[in-house]
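Good morning, and thank you for coming. I would like to take you through one structure, step by step.

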Amino acid sequence: MAPPRLNISIIILRRYPLLQNIVANGLIFGGTYAVLAAGFALVFGVARILNMAHTAFYMVAAYIIYAFISMLGMGSMLVSVLAIIIAVILATVCYILFIDRVKQHDLTVMVITIAIGMLFQEIILLIFKGDYHGVEPFIKGYLDFGKVRITYQHIFIILSSLIALGLIWVLLAKTTMGIAIRAISQDRVAANLMGINVSRVILITVGVSAAFAAFAGAVVAPNLTIYPQMWMPPLITILAAVVLGGLGSLKGAIIGAFLLGLVESAVVFLVPLGGYLREAVALVTMLIVLLVRSEGLFGIAFEEEKL
Amino acid sequence: MKPFIRQISWWFRNEILAIPWRFISFAFIILLFFIPLFTQQPYILRVLIITNIFVLFAASWDFLSGYTGQFNLGHALFLGVAAYTAALLNTHLGLQPWATIPMGALVALIIGLIVALPALRLRGLYLALVTLSFPIILIGIVNAFPDFLGGEVGIYGVEPLTSSRVLAYYMVLLIMLISVFIMWKLTDIKSKLVRIGIILHAIREDEITARASGIDTTRYKILAFAISGFLAGIAGGLYVHFVQVAGPSTLAISLSFNALLFTIFGGIMTIYGAVVGTYILYPVIDFLRLNPFMDQIRIILMALMLIFVMLFMPGGLTRWIRDRIEVDCPRCKIINISSRRLCRVCSAPLHLDIKRKSGV
């Protein structure tokens, strides 16, 4: 008797809870990475800034939430908004002070943003010391899907990252500012000639990108260990995701982020001591893609960067 | 014999004493050789030895990234690989430092060739990202195999470089001076013996034009990676035998970042800039460690300084000073001290362009 022709992937999912775990965790990792990578790609596309301090704002947001909840016990929604506002202010101030005058030199900007990231790390180390912290989840409780347990917090993370990605899409596709941003990332000189105030749009993009980084940090804060070097692992993954998808392509960055989220969660679940190999696997994936197709999966080949 | 001595003394007076920057370097090298005669405090010698090792490391970064233009953000890869190789050879096979250091450097050279493979196709930001990723991958591997590679604590019990610290000082100093001298000569554009300097310069300025002029840029880029990896590997071997531990900190991003900081502070694209930058910054950073409060804000100060140097002194400290104490003769292009009014060789007036500088 021939077996019923069911969707094979559903059978595999039912039979192996490991796979379900991998997919669930992959979506959670991937959602956060996608929000971070989208902001990162936005700034790179518009201003040609490879912002290595991007995840520093994610860290700042997580620390602000930790500080308010542990000291004052304030409501988490309000604190999240505050964290986003502070991150935006910090990002724009850093941009005006440090980046604006050297923005023609890609590599100089990159080195300066690494320095800014380390500056944030050390200032936080000075204020909060190097201890490991955690934050209570905003929403308690969990759901059982077969053998996989998913907390409401995880569902909240996935939903809010989808909302954030939707907001970015609305911003880019439906508003005048979004049209200006896309115009500048296509051709800066022509956009300038059409009467777009390029430096103002770049400043706003930097702020928006920091806002999304802070949003991601605020949403996943309960899911993380909070410590001063916490900006490094996601930074490496989103760099890999952005290069994987193709520098300058927003769609590529988001798809790359979800892909790497799944790969990382597979490594964590399948390989012993895999927690240490998370970044290594992401970077090896990036290297392979760059060697095979140097403009990434969805990237535009910039003539001046190819050989 | 006599004409030879006269020739040497003529060369010394006209090529070293007459040019302030060369005279300062000469005096500084002499001073370095005599330091153990004045003080033999273990702490001071330790700081100077590590400074010398980092000079070698930073100069090899400058050779590859500053001079050849192949921006390498993960230079600690070479140092770390050589350090781990030397430590493993020493602890497992019992080889002595004179054997482990060259072998570590050779492994670093091979790693340099492997890194060069993607580098041949990429440049600019992409290259920086790829090179940044190699040491991070290696840190992951080190942590995933704690039994063999020591995990987060590292490999302990590596033999010391030599029995006495003074001897180690002279050894490291000599290796550093010879390697830096080799790199400085290799990057000499005016040299008639070595062609590689001007070729690497051309690759940095415009690779496509260099290729169009008939230069096999691939070969020279691989060569630059190999030389830089080998010398950084020597630094790694010396480092691991001096501190006697090979840990993940030899691969850390902050170490690659130190090479960047020292070189950019001293002056990128000049090998001696890396020497000056390291000799000024590393001892200062290490002395700050003695004070508990300064120790906490040490990295903040470093990061701020890097930002300000990049914003306001993009040529680095050495260029900034050289522009003030030296001037090229407008007629015969010979370097003169800027306090002279006439050139020391052709007696042409030196300061013709003063009016242009003041904006008249």
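**Domains, then a helix pair**

I begin with chain B, whose domain assignment gives domain 1 (1–38), domain 2 (41–315) and domain 3 (329–360); such bounds come from an automatic or database domain assignment. The centres of domain 2 and domain 3 of chain B, taken over C-alpha atoms, are 38 Å apart.

Please note that this is a predicted model, in which local features need pLDDT of at least 70, side-chain atom pairs count only at pLDDT 80 or more, and totals for chains, interfaces and linings use all residues. Residues are numbered from 1 along each chain as its sequence is written, while chains are lettered from A and ligands numbered from 1 in the order in which they are written.

Let us turn to chain A. It has 12 helices and two strands, which are DSSP runs numbered from the N terminus (helices: H or I, at least four residues; strands: E, at least two). Of its 307 residues, 49% count as buried, that is, with 20 or more other C-beta atoms, placed from the backbone, within 10 Å of their own.

How do two of these helices pack? Helix H10 (residues 232–245) and helix H12 (residues 278–292) of chain A pack at an angle of about 20°, with their axes 9 Å apart. Axes are lines fitted to C-alpha atoms, for helices over the stretch in contact, and angles run from 0 to 180 degrees between N-to-C directions. H10(A) is therefore roughly parallel to H12(A), a term for angles under 35 degrees.

How values were computed:
Parallel < 35°, antiparallel > 145°, perpendicular 65-115°, else oblique. Buried ≥ 20, exposed ≤ 12 C-beta atoms within 10 Å, placed from the backbone.
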